[in-house]
Amino acid sequence: MQAISARGLRKTYGPTTALAGVDIDIAPGEAVAIMGASGSGKTTLLHALAGIVTPDVGAVHLATPMGVVDVARLSDAERTRLRRERFGFVFQEGMLVPELTAVENVALALMLVGAPRASAIQEAAMWLGSLGLAGMEDRRIGQLSGGQAQRVAIARAQVTGASIVFADEPTGALDSVTSAEVMSALLSATVGRGRTLVLVTHDEQVAARCSRVVRMRDGLLVDAGAGAAGAPAASPQPAGTLAPPAPGTAVAAPHPAYGTPAAPRVPLTTEQQWQVRA
Amino acid sequence: MSALRLAPLMLRPSTQGAAVLALPMIAFGIVTWLLGIVVGGARAFFTWTTPDAALYQLLAVVALALLAVPLVSLGGSAARLSARRRDDRLAALRLLGATSGTVLALAVAEATALALVGAILGVAGAAATSPLIGLIPFAGEPLGASALLPATWSIGLAAAVTLLAASSALLSMRRVMVTPLGVARRETPARVHWIVIVLAVAAMAIVAGAFSSFASIGAALGVVAMVAVLGVGFGIAMLVLNLLGPWLLGVQARIQARRASSPVRLIAARTVLESPKAAWRQVGGVALVTFVGVIAGVGSALLGSADAGGEMTLAADIRTGLIITIVGSFLTVACTVGLQQAASILDGRALSRALHHGGMDVSTMDAARRWAVLSPLLLVVAVSAIAASVLVVPLLGMALLFEPVTVLITAGVVVTGVVIVGVGLLVTRPLLRRVATAHVATA
Ligand SMILES: Nc1ncnc2c1ncn2[C@@H]1O[C@H](COP(=O)(O)OP(=O)(O)OP(=O)(O)O)[C@@H](O)[C@H]1O
Ligand SMILES: [Mg+2]
């Protein structure tokens, strides 16, 4: 069972072909890096998988507790809801609400899916703490460094228990040391807890830490990467982290506010940070 | 690379549509038109030689001042919007080798050109409508042709508006150049100094005190002196309101931010808290109009109860002037809200898009924006209605305040103000939707 799989994705913008027929399968617990030259269609593929754009042709099958849905056939409103409830996003530059504090930015994601404020703030603070941002909860976004802001964004992407996190060049604006730290945080917060990570990057070092690297050229997947047969990459689970979901129940439980009770979300410690190829 | 060669790039239609081009131009047009009419009318009084002339001239200057301040700040907002409209092109232009000086020059030139077109249209509009304005009776007779602004004055007015636009655009762009994220990057919200609040309250108390003793000694003074004292008193009160407004909004927002239980309310309160002054700029106009409206209402009630006589015409003229001022202020408020909203939507477009990608409904963003304006609006309208009443009661007594005419006029002004602000929010809604759902090639 795949977490998400796409068949025959095509997307054109006027004369430009952004996707020229892409098939891809992503298993639960995988960390997939999408690489390729600028303009090769990486962002478009990520957006099509995440239901931000609909492909002209093709299907995107997503496993949910209610069964498999074709993301490409959902209405705008349904796709927006899906993104809010099941996916997490990390962008190149934080994209946090500058008027809110760090902890409020994270809590906002929970409040948007119906969690009451007090518990949302509490949970958000826990996530910030586990990502090494304890004591910075009440900082405004302008008072954070780029790496810190990205970690707030990672917390926001995972606080709702999203089963898949999509990241478009999450380290693109960072130096190499900070980039490595943010990557550790991102991996431990996602695949380290059995979630799935789909990430676009230009950085080979960042890609190397993922369990699979796929490459694009001119809107096509030219290299589906090792381990593409569907099995998740070997994912050593350090003691203390959550077990990955059992096969067949691929999708993580949604937030209690709108679905079945979630597994307890245990804050991570740095020792628990999970690195595939460390 | 020369500015000339890059100009076509800047002028290419942008994703934000024609509205963003038209909005500042319309605003400049309205600013110039209103200023033209008001200056023209005020000028007419200065041609008078009757004994009353001095009083009318004084009142005209007061009305002009009441309108000029919001009009000038509206002009500033319009310039800011037109300058920032295309700052998404700045990066692209820089990549093409444009220096930041070139980019700055292009943006300012564009804003100035828009202002010039708007100003010319506005001057023409003022000339076209001056026969109508000439029909308005003052001192028992229509103003007539003297309300028409002479050509030299018109040219001067258009030049002044264009110059204002150019300097506002320059200032605004400089800020953008220094910090690309503009205001959004500011680290701590601005606070109003406590001294200001103490002074403001003291001034208000002095005016109220003066008014309550005025009721007994007022009769001994002449009409001109009476009106002058009242004018100065109310002027001070409105100035105080202007100073206290942002502070009040900050206090309200701080309480709301603490209590907010929904994302919409939390974002709205934090937005106001980020810059209470910016919030005040959008709703302050309605507060001031409400203030004037209460006084106009009480004045009308007074007029209804007073017996006929020479002072009857004066009172009627003052009421005419107040109505013109209120209508003009409403137009200014409508434009200001529309422009400010459009500008802040454009400033925050990358974030709106990202939040929508993350699953936030556009309607949620829209609601947050709505609350960030409407909740301050309701507060300031209530406060200014109360402030005006407090000043009027010692002068004229409680009874007039609750006359049906007073209540009707006050309610009419308040409802119109709120509706106008609502319309300003509504017309910018499609822009928010377009910005948040735009598919752009870059992530
Ligand atoms: N909204 C759009 N309108 C027009 N063309 C677009 C749009 N989005 C993408 N494209 C085009 O589709 C192609 C693929 O774009 P995409 O953003 O997916 O590339 P990318 O691989 O993410 O590039 P980069 O590494 O530069 O981010 C490009 O040629 C791009 O110009
Ligand atoms: Mg991209």
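Predicted model: local features only at pLDDT ≥ 70, side-chain atom pairs only at ≥ 80, totals over all residues.
The largest cavity holds about 230 Å³ of space. Its lining comprises 17 residues. Those closest to the cavity centre are A109(A), L112(A), R156(A), G358(B) and G359(B). A search of the whole structure returns six cavities of 30 Å³ or more.

Elements of both chains contribute to the lining of the largest cavity. In chain A, β6 (87–90), α3 (102–112) and α5 (146–158) each provide at least two lining residues. In chain B, α12 (349–357) likewise provides at least two. The largest share comes from α3(A), which supplies four residues. By class, the lining of the largest cavity contains 10 nonpolar residues, five polar residues and two charged residues.

Ligand 1 is located between chains A and B. Its surroundings consist of 16 residues. The closest of these are S38(A), G39(A), K42(A), T43(A) and T44(A). Two elements of chain A, β2 (16–26) and α1 (42–49), each supply at least two residues of the shell around ligand 1. The most comes from α1(A), with three residues. The shell around ligand 1 is made up of nine polar, five nonpolar and two charged residues.

In the side chain of T44(A), an N or O atom lies 2.5 Å from an oxygen atom of ligand 1. For the side chain of T43(A), the corresponding distance from an N or O atom to an oxygen atom of ligand 1 is 2.7 Å. S40(A) approaches through its backbone: an N or O atom there is 3.2 Å from an oxygen atom of ligand 1. On its own, ligand 1 has 630 Å² of accessible area, and the protein covers 76% of that area.

A further position examined in chain A is E181(A). This residue belongs to helix α6, which spans residues 176–189 of chain A. E181(A) has a relative accessibility of 44% and therefore counts as partly exposed, since that class lies between the buried limit of under 20% and the exposed limit of over 50%. G147(A) is 34 residues away from E181(A) along the chain. The C-alpha atoms of E181(A) and G147(A) are 8.0 Å apart.

Definitions and conventions: Residues numbered from 1 in each chain as written. Chains lettered and ligands numbered in written order. Heavy atoms only, no water. 1 Å grid on protein atoms, 1.4 Å probe; cavity = no way out; pocket = protein on both sides within 12 Å on 5 of 7 lines; lining within 4 Å. Points joined across faces, edges and corners; volume = space filled by probe spheres on them. Nonpolar A, V, L, I, M, F, W, Y, C, P; charged D, E, K, R; others polar. Near = heavy atom within 4 Å. Polar contact = N/O pair within 3.5 Å; in protein donor to acceptor, adjacent residues only side chain to side chain. Areas by Shrake-Rupley, 256 points an atom, 1.4 Å probe, with all protein chains shown as cover. Buried < 20%, exposed > 50% of the residue type's maximum accessible area, 1.4 Å probe, protein only.
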